[in-house]
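Work through the following exercises with the sequence and the coordinates open, and compare each step with the solution given.

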Amino acid sequence: MPVEIEELEVKPTLSNTDLAFERTVLAYERTLMAWMRTAISLISFGFTIYKFFQEWRKTEQPVQSIFTPRIVGMLMILFGFIGLLFAEIQHISAVKKIKKDYPAVQPSLSSVLAVLILMFGLALFLAALFRQ
């Protein structure tokens with residue numbers, strides 16, 4: 001009676017180099033997420049300062065100064081926006097560089113979220129700029 005040998009399906013395994021690329025991509029993702037947290041903090045705190053002092057000044061006599069709460073709030077929103085914009089540009093550049101050597105890199109979902117936060121930050125900045 002002949003013995004049948006089953007053919008085992010061999011799955012390709014990731015090499016150490018592949019895993020190194022994966023770890024590097026995940027490090028870039030974590031860095032972008034840290035920038036997003038910082039940008040969200042700056043944007044939301046800046047808008048809060050602007051709106052809080054806008055309401056507070058309705059009851060007070062306006063004082064003339066260079067750094068009004070509106071200017072400070074707008075600057076914080078702008079710094080958050082610019083910081084996240086630079087982080088997104090850096091992230092895209094780094095992922096493109098890795099894709100040359102390791103084309104199996106997954107698309108970045110955190111990059112999509114960063115673009116949405118950028119649009120939100122721009123909307124808040126424009127609202128503060130046009131006093132909405």
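**Exercise 1: a charged residue**

Locate Glu29 and decide whether Glu29 is buried or exposed.

Solution. Glu29 belongs to helix H1, which covers residues 16-56; helices here are DSSP runs of H or I with at least four residues, strands are E runs of at least two, and both are numbered from the N terminus. The model is predicted, so that local features need pLDDT of at least 70 and side-chain atom pairs pLDDT 80 or more, whereas totals for chains, interfaces and linings use all residues. Residues are numbered from 1 along each chain as its sequence is written, and side-chain values use heavy atoms, without hydrogens and water. Glu29 is buried, that is, under 20% relative accessible area with a 1.4 Å probe and protein chains only, where exposed is over 50% and partly exposed lies in between. Glu29 has no salt bridge (a side-chain nitrogen of Lys or Arg within 4 Å of a carboxyl oxygen of Asp or Glu), and the nearest side chain of opposite charge, Arg30, is 9.4 Å away. Leaving aside residues up to four places away in sequence, Glu29 touches His91, Ser108 and Ser110, with contact meaning heavy atoms within 4.5 Å.

**Exercise 2: the chain as a whole**

Determine which elements the chain holds and in what order they run.

Solution. The chain has 3 helices and 0 strands, in the order α-α-α from the N terminus. Of its 132 residues, 30% count as buried. Among contacts with a separation of 6 or more, 82% join residues 24 or more positions apart.

Definitions and conventions. Lys, Arg positive; Asp, Glu negative; His and termini not counted.
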